[in-house]
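Please open the structure in a viewer and keep the selection panel at hand.

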Amino acid sequence: MKYVLDNSNLAESYSGVTTPLTHSFVSRVYRDVYKTFCTNMGVSDRTIRSHEEEFSGLLAFVGYRMYYNLRNWYTLISFLPAYRTNRRFFDRMIGLEANGDAETASTSLMQRYGVDLPRVVLQVLRIGASFLFMGFLVRRFNREFDAVFERLESIDLEQLDLEELADLYRKVSGMLLARWWVPIANDFAVMVSTGLAAKALEGWSAQKNENSAQLDLRTGASLASLDPGRRLVQIVQAIGEDEAVHDLFRQQMHPADLLEILSSRHGQSKPYRLIQEYMRKYGSRVPNELKLESETLKERPEFLSGLLMSLVRDGPSTSSATGTHRPPRADLHGLNLPKRAVLNRLLSWAGVSLGRREETRLRRALIFGYARKLFLTVGQRLQALGILDDPRDIFFLTEEEVLSLLDTLPQSGDLRPIVAGRKAEMDRWSRLDLPRRIETDGPLDELPEELSTVSPGSRKRCPSGTLQGKGASYGAQDMVSGTALVLPEFRPDAVFKDKILVTRQTDPGWTIVFPFVKALVVERGGILSHAAIVARELGIPCIVGVENATGLIADGATVEVLPRLGEVRFNSNVPSA
């Protein structure tokens with residue numbers, strides 16, 4: 001059996017290595033959510049039960065990295081109408097190259113028209129109804145989620161014993177994940193609307209090149225994921241307006257010490273109040289926020305103060321990314337009126353669906369943050385019992401192991417040797433640069449042995465050159481030049497103001513710095529990646545899919561970004577490594 005694994009899109013949320021707890025938690029969430037989604041899209045219970053293995057294996061864990069198991073995803077897509085078309089739309093959405101024509105099994109006339117056709121008609125009606133009422137469904141989901149989450153936040157976890165923590169965890173999963181089919185249905189609407197818009201534009205317009213015929217996928221509303229960055233701008237402005245606080249932020253000190261002084265000396269100031277409000281609302285939003293092992297702002301508030309110190313010290317930003325610039329849509333004047341109307345309607349549908357997706361993404365970060373808090377509380381109790389050395393060691397167990405452990409206490413043995421072994425394995429795999437796409441005819445459990453001989457990837461700098469990607473956001477100018485800030489991983493102490501950010505991928509946790517940069521160059525992702533969506537809303541030039549940009553471009557290099565051509569020109573003025 002041939003397996004095809006790909007993390008081109010998944011790496012946006014789970015870049016690099018991750019822990020067994022994150023993988024097992026996310027895999028179970030995917031299994032349960034997509035089963036519920038298929039049920040609500042009209043897929044029979046019998047079909048779902050007969051493909052339990054595929055639902056459980058949507059994600060593969062290879063070399064402590066997460067991959068989509070594409071064979072299982074295509075099986076899931078086949079349960080829905082228009083498999084060939086939806087498969088191409090799916091590939092486009094997650095940033096895959098064309099995989100050829102989709103295969104479909106031949107069936108008899110009786111099966112095709114007597115069984116399949118009525119089933120497909122019913123599915124189309126259910127899917128169409130969900131698309132039609134998606135606004136209502138998402139608003140109801142958000143309202144119900146917020147009510148449940150507010151009750152959860154009022155619970156003092158420190159007052160619960162281990163059995164109560166386990167019961168609460170199972171209750172949270174049941175209450176919230178059962179409702180999560182609505183965001184998945186909206187993601188399906190994003191896939192279909194953008195796929196249809198791209199197909200129409202390619203078929204009707206003389207502009208065949210995606211870089212010169214950009215899909216205008218803006219939401220037309222205030223994007224939820226932009227709020228943290230806008231709040232950060234407000235905080236920086238408030239600091240600048242308070243002379244005493246401004247002087248404090250310009251001093252040389254550890255970010256944690258700054259917070260203590262700010263609290264004790266300026267606890268009534270506007271900047272301090274805004275920082276506290278920010279922490280309450282966005283304390284779970286950090287880069288790699290969907291990795292349970294990531295440290296949030298609530299755990300490490302000095303991350304925020306360190307970022308603020310950097311932004312304040314560098315003075316006012318000259319970036320024009322205000323979110324008000326709206327470059328013109330692709331030239332549609334060559335189309336007749338009906339075609340223009342259809343294409344504009346598809347683009348509007350896609351934009352609204354993307355806006356709804358960003359709203360639900362915020363709530364996804366909240367529930368992942370709550371799961372993280374629950375697991376850390378359990379880890380503290382296990383440390384007190386001598387089962388773990390550190391509360392964060394719990395991330396090196398699987399979800400099944402944690403729940404089984406809680407069910408069998410106090411008979412459980414010492415887990416420290418298991419944790420130590422997995423830490424060593426993860427550290428070893430973190431030094432290897434695994435491919436984004438893996439194809440194998442053998443069992444998946446044999447892959448780690450095959451890949452363990454891979455040598456670390458070569459990421460040699462070049463003194464100058466031109467790299468090619470896809471223009472995902474044009475901004476106001478055909479070309480933007482500036483100094484490169486090359487960050488393979490997020491660093492809160494980096495100087496972001498007026499730089500051209502070059503990175504491997506971004507997730508919603510990076511949004512806080514987007515308003516301060518001049519342009520984005522991203523190695524991974526497509527026109528529906530997080531970087532592309534947010535850049536379009538802010539009017540920031542963005543090029544995605546730039547292979548090995550963080551390896552070839554030196555930090556501090558002079559860079560020219562030409563989004564309409566999808567080109568990145570750079571001059572590092574350093575000798576080639």
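What percentage of the residues in the protein chain is buried? Buried residues, those under 20% relative accessible area with a 1.4 Å probe and protein chains only, make up 55% of the 577 residues.

The model is predicted: local features need pLDDT of at least 70, side-chain atom pairs count only at pLDDT 80 or more, and totals for chains, interfaces and linings use all residues. Residues are numbered from 1 along each chain as its sequence is written, and side-chain values use heavy atoms, with hydrogens and water left out.

Next, select helix α5, residues 83-93. Here Y83, N86, R87, F89, F90, D91 and M93 are buried.

Then select helix α7 (residues 134-153) and helix α8 (residues 162-177). Their axes, lines fitted to C-alpha atoms over the stretch in contact, come within 11 Å and cross at roughly 170°. Because angles over 145 degrees count as roughly antiparallel, α7 is roughly antiparallel to α8. Show the side chains of F145, V148 and L152 on α7, and of L168, V172, M175 and L176 on α8, which make the contact. These residues divide into seven nonpolar, no polar and no charged.

How values were computed:
Axes fitted to C-alpha atoms, helices over the stretch in contact; angles between N-to-C directions. Helix = DSSP H or I, 4+ residues; strand = E, 2+ residues; numbered from the N terminus. Parallel < 35°, antiparallel > 145°, perpendicular 65-115°, else oblique. Contact = heavy atoms within 4.5 Å. Nonpolar A, V, L, I, M, F, W, Y, C, P; charged D, E, K, R; others polar. Buried < 20%, exposed > 50% of the residue type's maximum accessible area, 1.4 Å probe, protein only.
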